[in-house]
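Morning, everyone. I have one structure to walk through, so let me put it up.

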Amino acid sequence: MANNDLTSLTNSIQAVASPFRSYLIDLHEKYQSLTDGAVADYIPELALATPEWFGICAITSKGQEFEVGDCDKLFTIQSISKAFVYGLALEDCGREYVNSKVSVEPTGEAFNSIVLDEKTNRPYNPMVNAGAIATTDLIRGNSATERLKRVLEMFRCYTGRELDLNVPVFLSEKATGNRNRAIAYLMLNFGMISDRIEETLDLYFQQCSIMVNARDLGMMAATLANGGVNPVTQERALDERYVQDVISVMLTCGMYDYSGEWIYKVGMPAKSGVGGGITALVPGKLGIGTFSPPLDAKGNSVRGIKVCEDLARDFGLHLFNVAEPERDLNEWIEGNDLVDGW
Ligand SMILES: NC(=O)CC[C@H](N)C(=O)O
């Protein structure tokens, strides 16, 4: 057995027995009965999701995994892709150029708002649809296929496995996404994106229709929490120069017009998607992935928000918490020498 396999086997055995896992089981049970929120139906294929699906995955920045509920269930990544594609655009074009096309200012507007900064004509930030489409436009490649391949390869580095597209979701969104088309044409009008509009929109719809599970979202967050290196495969997913850019924008804009309340209550960089996923991280310590399709009015997973609120409060994981937490994460994750921050 290779050394890596042995480490991951030991980690999983510890994770199964850990009190932290018992805590997550209780958390899952606590919120499974919550029936608030509604499954997104503006993209017809998303309406097929079952409201009861619910998975929680936490992965430490050293790669120890804890999973409860539907962590294998695949769903589309949707807007969570925006944070990671932003990282790829930074690698492709550099901070200055990307910033000339997409600002980093929270909007207080809904994710699909048709609004640009009137002074500079830039979309406000890469986490709302306008900014994400402008970001996707920056992804390099000689053809549509090559650009998509590069996006998929980037996600492979984060998750440690090959990901596929959900073609019906992609086609459903391509057929009905005229609001995004309108946003793209508005940006073309201001010279903010190139004129290969349909190609870029296809890539944007494709990146949104990549299938992930709660474990993947936990691993993506853990990779960021580990400075851009996947803690299990040890593969680098994001140039270390851009880790802080991606995490900062997640902190200020990742939960759309809920971002202010989110920072106040949870205090973790995070990103949500209308497929029902949330990825959230505690830099240097932990990645969290949750999946539960019912969304609140702002497009964020109701159960996912509750889970992150509880974790932040119970383990003192809010970035700015200085008070003694009710529970010490290191003690709850037995046999672990790791969660000591950057
Ligand atoms: N908030 C989301 O997850 C939205 C993503 C979706 N693909 C859209 O563009 O509308």
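A definition before we start: two strands count as paired if DSSP finds at least two bridges between them. And a reminder that this is a predicted model.

Let's take the sheet. Five strands make an open sheet, in the order E2-E1-E7-E6-E5, and the pairing is antiparallel. The edges are E2 and strand E5, residues 270-272, each of which pairs on one side only. On average, neighbouring strands of this sheet are turned by 10 degrees against each other, ignoring direction.

Now strand E1, residues 55-60. Is E1 buried or exposed? Six of its six residues are buried, so the strand is largely enclosed by the rest of the structure. Look at the two faces. On one side, Gly55, Cys57 and Ile59 are buried. On the other, Ile56, Ala58 and Thr60 are buried too. Both faces of E1 are covered, then.

Who are the partners of E1? Start with E2, residues 65-69. Five bridges join E1 to E2, and the two run antiparallel. Find Ala58: its bridge partner in E2 is Phe66. The hairpin of E1 and E2 has four residues between the strands. Within that hairpin, Gly63 takes a positive phi, near 95 degrees.

Next, E7, residues 286-291. Here six bridges join E1 to E7, again running antiparallel. Ile56 stands opposite Thr290 of E7.

Moving along, E6 covers residues 277-282, and it pairs with E7 in the antiparallel sense over six bridges. In that pair, Val282 stands opposite Leu286 in E7. Two helices come in on the sheet. Helix H2, residues 19-32, packs on it and touches E1 and E2. The direction of H2 makes about 25 degrees with that of E2. Helix H10, residues 214-225, also packs on the sheet, touching E1, E2, E6 and E7. The direction of H10 makes about 155 degrees with that of E7.

Let me stop at one residue, Ile288. This one sits in strand E7. Why is Ile288 called buried? There are 29 other C-beta atoms within 10 Å of Ile288, and the cut-off for buried is 20 or more. What does Ile288 touch, leaving out residues up to four places away in sequence? The list is Ala58, Gly218, Ala221, Ala280, Leu281, Cys308 and Leu311. Ala222 is 66 residues from Ile288 along the chain, yet their C-alpha atoms are separated by 7.3 Å.

11 of the 14 residues are buried, so H3 is largely enclosed by the rest of the structure. Among the buried ones are Lys82, Phe84, Tyr86 and Leu90. After H3 comes Gly94, with a positive phi near 85 degrees.

Last, the ligand. Which residues are around it? Gln78, Ser79, Phe111, Asn112, Asn129, Glu173, Asn180, Cys208, Gly273, Val274 and Gly299. By class, that shell has three nonpolar, seven polar and one charged residues.

E1 has bridges to E2 and to E7, and its two faces are covered. That's my tour. Over to you.

Notes:
Residues numbered from 1 in each chain as written. Predicted model: local features only at pLDDT ≥ 70, side-chain atom pairs only at ≥ 80, totals over all residues. Buried ≥ 20, exposed ≤ 12 C-beta atoms within 10 Å, placed from the backbone. Contact = placed C-beta atoms within 7 Å. Near = placed C-beta within 6 Å. Nonpolar A, V, L, I, M, F, W, Y, C, P; charged D, E, K, R; others polar. Axes fitted to C-alpha atoms, helices over the stretch in contact; angles between N-to-C directions.
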